[in-house]
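I opened the model to look up its strands, its core and its surface. My entries follow.

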Amino acid sequence: MRTINIHEAKTHLSRIAEEVAAGEEIIVAKANRPVMRLCPIEPRAKPRVIGILKGKIHLSADFDAPLPDDVLEVFEGKSTL
C-alpha cells in the first residue's frame, strides 16, 4: 500500500483509478496526514433468481389446515407432550 498526496491524486486520477481497479490500495494524504484510502470495490454476489426452486418443493393440500386440538394446546402452552 502506497501513500500519495492529494495534488498527485487529482493530477493522475485516471492512472490511480486503474491501479486501484487492478487490486492496489492507495492512501491519499493532505499535509502528510492520511485522509482517505482508495481500494477496489468487491464484486457483487450473483443476483438472486426468482423461482429457481419451482417444481422442487411441494406442499401438501392441507398445509394451512387448522391444527389438531392437542397440538394447538402445546403451542399455546396449555399442555406438554
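I take strands (E, at least two residues) and helices (H or I, at least four) as DSSP runs, numbered from the N terminus, and I count two strands as paired if DSSP finds at least two bridges between them.

The model is predicted, so I note that local features need pLDDT of at least 70 and side-chain atom pairs pLDDT 80 or more, while totals for chains, interfaces and linings use all residues. Residues are numbered from 1 along each chain as its sequence is written, and side-chain values use heavy atoms, without hydrogens or water.

Hairpin. I found β2 (residues 26-30) antiparallel to β3, with five bridges joining them. Two residues separate the strands of this hairpin, and Ala31 in the turn has a positive phi of about 55°. Lys30 stands opposite Arg33 in β3.

Burial. I call a residue buried under 20% relative accessible area, exposed over 50% and partly exposed in between (1.4 Å probe, protein chains only). Of the six residues of β3, zero are buried, so β3 lies largely in the open.

Core. The core has six residues: Ile4, Ala9, Ile16, Val20, Ile26 and Val28.

Loop. I located Ile57 between β3 (33-38) and α3 (69-75). Ile57 is exposed, at 56% relative accessible area.

Key. Core = buried A, V, L, I, M, F, W, Y, C linked by side-chain atoms within 4.5 Å.
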